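Good morning, and thank you for joining this group meeting. Please look at the structure as I bring it up.

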Amino acid sequence: MDGLTTNGVLVMHPAGGFSEDSAPGVWREISVCGNVYTLRDSRSAQQRGKLVENESNVLQDGSLIDLCGATLLWRTPAGLLRAPTLKQLEAQRQEANAARPQCPVGLSTLAFPSPARGRTAPDKQQPWVYVRCGHVHGYHGWGCRRERGPQERECPLCRLVGPYVPLWLGQEAGLCLDPGPPSHAFAPCGHVCSEKTARYWAQTPLPHGTHAFHAACPFCGAWLTGEHGCVRLIFQGPLD
């Protein structure tokens with residue numbers, strides 16, 4: 001005798017483990033007895049999916065578990081030993097700030113704030129980004145395109161119109177695939193991480209509602225937008 005829970009327990013194992021070579025796997029449903037099934041047409045459908053006999057329910061490093069609205073990331077002790085440390089992330093922040101990137105229009109020096117300061121209001125030196133093109137600026141009040149929406153701005157360098165948001169370094173090391181430099185930002189939230197981490201999460205669909213899937217920022221859960229879900233940051237100065 002076997003059965004499925006009302007809204008399903010879904011699991012996804014990454015292909016290639018949770019490393020810089022990872023790729024998203026396929027979402028499966030796990031039954032009460034631990035068998036692996038393909039997904040139902042919707043979370044609460046009465047008809048179960050097909051039994052997948054050659055796949056396991058055993059969690060691997062980087063496995064995602066979805067409990068109908070709460071998505072958990074499973075990390076193993078061995079996997080966390082390969083993950084970047086908070087000390088490494090702080091060293092990257094200091095290295096980025098030491099390069100003294102500048103706002104290409106205001107010519108002010110930009111700097112990522114210390115995590116100890118907390119995420120409150122953006123600092124006056126906070127980098128901001130146009131998420132459609134990736135150009136990094138200091139905060140300014142021009143270029144508003146309110147006919148396109150309250151957050152829409154026109155980049156003064158390339159003229160693309162899109163959201164203009166502050167950049168925040170992602171500080172949860174267990175979500176990072178590698179210790180690469182903070183070169184990419186998720187759109188539209190502005191969380192910054194390495195290229196491989198950004199591309200992995202931007203390609204990973206997370207369950208939403210009864211049958212939809214959306215990629216989301218791993219640091220804040222915001223749904224990703226745009227063609228790629230993330231953008232390469234273009235700094236004025238030695239960082240580029």
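Strand β6, residues 128-130, pairs with strand β9, residues 161-166, in the antiparallel sense over 3 bridges. Strands here are DSSP runs of E of at least two residues, and helices are runs of H or I of at least four residues, both numbered from the N terminus; two strands pair if DSSP finds at least two bridges between them. Tyrosine 130 stands opposite tyrosine 164 in β9.

This is a predicted model, in which local features need pLDDT of at least 70 and side-chain atom pairs count only at pLDDT 80 or more, while totals for chains, interfaces and linings use all residues. Residues are numbered from 1 along each chain as its sequence is written, and side-chain values use heavy atoms, with hydrogens and water left out.

The open sheet has 4 strands in the order β7-β6-β9-β8, with antiparallel pairing. β7 (136-137) and β8 (152-154) each have a single partner strand, so one side of each is left without a neighbour in the sheet.

I turn now to charged side chains. The whole structure holds 8 salt bridges, a salt bridge being a side-chain nitrogen of Lys or Arg within 4 Å of a carboxyl oxygen of Asp or Glu. One of them joins glutamate 29 and arginine 40, at 2.6 Å from N to O. Glutamate 29 lies in strand β2 and arginine 40 in the loop between β3 and β4, so the pair ties together parts 11 residues apart in sequence. Glutamate 29 is buried at 2% relative accessibility, where buried means under 20% relative accessible area, exposed over 50%, and partly exposed in between (1.4 Å probe, protein chains only).
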